Amino acid sequence: MGAALPVVKALREFLPARAVLHQEEDTRPYECDGLTAYRQLPMVVALPETEEQVQRILKTCSALKVPVVPRGAGTGLSGGALPPGDGVLLSMAKFMRVLRLDPLARLAVVQPGVRNAVVSELAAPLGLYYAPDPSSQIACTIGGNVAENSGGVHCLKYGLTLHNVLGMRGFTIEGEPFALGGAAPDAPGYDLLALGIGSEGMLFVVTEVTLKLLPKPQCARVIMASFDDVEKAGAAVADVIAAGIVPAGLEMMDRPATRAVEQFVRAGYDLEAAAILLCESDGTPEEVDDEIGRMKDVLERAGATRMTVSRDEAERLRFWSGRKAAFPAVGRISPDYYCMDGTIPRKRLGEVLRFIAAMERKYNLRCPNVFHAGDGNLHPLILFDANNADELHRTEQFAAEVLEKCVEVGGTITGEHGVGVEKINQMCVQFGTPELELFLAVKRAFDPRGLLNPGKAVPSLARCAEYGRMRVHGGKLPHPELPRF
Amino acid sequence: MQERVRAAASRRAALRLRGGGTKDFYGNALRGEVLDTRSYAGIVAYEPTELVVTARCGTPLSDLETILDENHQCLPFEPPHFGEAATVGGCVAAGLSGPRRVAAGALRDFVLGVKLVDGRGQALAFGGQVMKNVAGYDVSRLVAGSLGTLGLIAEVSLKLAPRPQAESSVRLELPQARALEAMNRWAGQPLAISASAWHDGELSVRLSGSAAAVHAAAARIGGTALDGAFWRELREQTHAFFSGPEPLWRLSLPSTAPAVELDGKQLLEWGGALRWLRTSAAAAEVRDTARRLNGHATLFRAPDKAAGCFAPLDPVLARVHQALKAAFDPDGIFNPGRMYPEL
């Protein structure tokens, strides 16, 4: 409590006692986000309800030189909302109002604590929806989606958060208000809206977001196609694109993943297939009929051994339910799992899947694969037991090798989950010193004293030097007991 | 190019980054010694199945579009060329999108990665050739539309789309207020509209997509057939509206904003979100009007740019802009003043 006292006292001058938490039993629920391997009790948790309170919290923390970490629903998978042990965790959970739905302008103005799925639910009676649909959409918030530039299973056709946010309002760490973008396109000056989306809460705090709503497609149908070989399924993905089709969704799951899922939700997957593809078309009934026909031709020529087309909306949702439940399903067959998020050029899929299979043998760990095939975004899930220090260590090594492979084939260490604390060492592999220096300078342009979400997303050069040294010593990291991934 | 930049930085001498010079008219006064990017040309990688192309800055935009066309693909944001000499680098630096923006998205939405020469002459790489990438800040999209003030875009990777299977255009007679209402209403329905424009009592609409979708939308919208060449005249500003002595303003407004009440001629695009205005009204009046309608105004083409081409930034954002400029270009050598006097 010692160090917390002046902060608590300063915040309670304008916040009610229930909005400033510092006792361990109150702060414990905030000790981690979706990346549970990292835990840290926050010194203080602040729960503002108004923009003015956010501004005063930021001004207070700036004046006291206390770090601030913003948090939405805490579903992030990279530790981006890992609390500061010496600072304030700024929970935006009470910012849950939808401020405006404008059917004619096709936009929603929402507070950052609004859950992703709520936007589409409220827009549905207007014939509209919000396109990005991360698998965690029933829990994750728009503010978190903005911080991570979240995707989903439909982003090949409809884009990421970046493509569906029109504007936002917020504050710098000093508590200065600003607005970016809005309903009018092409705001003057640099595209700070694009820079802010996916910046992992490092640049500013968002208090209001304007979202683009799209007309709900009249109908959608999905093909479930089976393949007897994972690489054939990968080649089929390229064939679909080559045929000039941009599917509404194009997902792949390998057999270990479909078997895990089928025990959990009966999605009706073909468990004999080495891999299945889910290939969706949406639009008018005529368009969908036409596109489904063309997709089936392509998939058949690519060697699909079985194809089932959803007959109605219930069946379509059932096919997707398995994909959306993949992570929790895997959570039931293993004490712990570690989800990777690398993205690769689609043409290198076969090579990367062979590499992952080799890593399974090398580290003696199982790794089912789910994959946003259309975007080249892989989510291999390494199964392990966190209580077994050696398994944890092997998992960490396994993940690091896969991410570095993604970089080697021209991809990236993270497609949509963010760097956070989790992949910060791999940033040293993906980027050289000049790029990292520029990232640090971009951060300073918004937050000169480094008080907002410190230590995340961009490694210091000293950290990379240390990581480089660790890698030179090859294979064995010191202190394997430390949860370092 | 890196050597040129280093030499200029050591002398703190301004460099004017330039491809084909087709957009020399855009932005504030040009300053500095020309660094012509056209010798650094060529397509570095293009695999149609990846829906990505990587090209060097000096590549002629028309060459790139020809190759994409041969593969039944396109740049979905339909960039204006404003002349045969337009280059890929200039296109990305200017950040301008064409008629399809209303349906497909803006240029920056399709930028996946850049190789950049910064103000120290260092070659930096951001983003890449994959659709989803959240490693590090999105510098690639920050430099899109920065008018060369942050660095020399040496190479860029762009996301592509298949060319629409079918396309047709129609025209209806409608007064402006009703055209605005119709464009906004249609945009909220699943209709295959890929461009819209209103001028002089006529609303033009382009439909793109599968044959079935285009057919269905045409039946719903009605009107008489229009030659698709109209959209090229609009994109390239060779349409008669764009010739004449009055300054050309580009107003970005919410698409639902009412008709702009200023003297002069108007042409609307992007479902009402882009309003071209030829007017001799004072700059302050145009800017105030745009601001009252929750938008902003750019002085797009004019002999006298004393009023500044771009809407002024609020002080907090202006400070961030200056800090970013200093991070990328500490000696302030790239296109100084082209966007704002202090950048």
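Trainee: Which residues of α1(B) are buried, and what do they pack against?

Mentor: Helix α1 of chain B runs over residues 2–11, and its buried residues are V5(B), A8(B) and A9(B). They sit on the same side of α1(B), since they cover an arc of only 100° around the axis. E3(B), S10(B) and R11(B) are exposed on the other side of α1(B), and the buried residues of α1(B) pack against β1 (15–18), β6 (111–117) and β8 (152–159) of chain B.

Trainee: Is D304(B) buried or exposed, and where is its place in chain B?

Mentor: D304(B) has its place in the loop between β17 and α10 of chain B, and it counts as exposed because it has 8 C-beta neighbours inside 10 Å, where the cut-off for exposed is 12 or fewer. Sequence and space can be read side by side here, as D304(B) and P247(B) are 57 residues apart in sequence and 8.4 Å apart in space, C-alpha to C-alpha.

Trainee: How many residues does each chain bring to the contact between chain A and chain B?

Mentor: The contact takes 73 residues from chain A and 65 residues from chain B. On the side of chain B that touches chain A, the largest share, seven residues, comes from α10(B), and the residues of that side divide into 34 nonpolar, 22 polar and nine charged.

Trainee: How many residues does the largest nonpolar core have, and which of them have the most contacts inside it?

Mentor: In soluble globular proteins, nonpolar side chains tend to be buried together. Here the largest nonpolar core has 254 residues, and those with the most contacts inside it are V44(A), V88(A), L211(A), L277(A), C279(A) and I153(B). Helix α15 of chain A, residues 389–408, gives the largest share of this core, seven residues. Among the residues that V44(A) touches, not counting those up to four places away in sequence, are A4(A), V20(A) and V88(A).

Trainee: What radius of gyration does chain A have, and where does its pLDDT stay under 50?

Mentor: With 485 residues, a compact globule would have a radius of gyration near 23 Å, and chain A, at 23 Å, agrees. Of its 485 residues, 57% count as buried. The mean pLDDT of chain A is 92, with 96% of its residues reaching 70 or more, but pLDDT stays under 50 over residues 469–485 of chain A. Where pLDDT is low, the predicted coordinates should not be read in detail.

Key:
Residues are numbered from 1 along each chain as its sequence is written. Chains are lettered from A and ligands numbered from 1 in the order in which they are written. This is a predicted model: local features need pLDDT of at least 70, side-chain atom pairs count only at pLDDT 80 or more; totals for chains, interfaces and linings use all residues. Two residues are in contact if their C-beta atoms, placed from the backbone, lie within 7 Å. Helices (H or I, at least four residues) and strands (E, at least two) are DSSP runs, numbered from the N terminus. Ala, Val, Leu, Ile, Met, Phe, Trp, Tyr, Cys and Pro count as nonpolar, Asp, Glu, Lys and Arg as charged, and the others, Gly among them, as polar. The radius of gyration is taken over C-alpha atoms; the globule rule is 2.2 Å times the number of residues to the power 0.38. A residue is buried if 20 or more other C-beta atoms lie within 10 Å of its own, exposed if 12 or fewer, and partly exposed in between; C-beta atoms are placed from the backbone. A nonpolar core is a set of buried Ala, Val, Leu, Ile, Met, Phe, Trp, Tyr and Cys residues joined through C-beta atoms within 7 Å. pLDDT is the predictor's confidence in each residue, from 0 to 100. The arc is that of the directions from the helix axis to the C-beta atoms.
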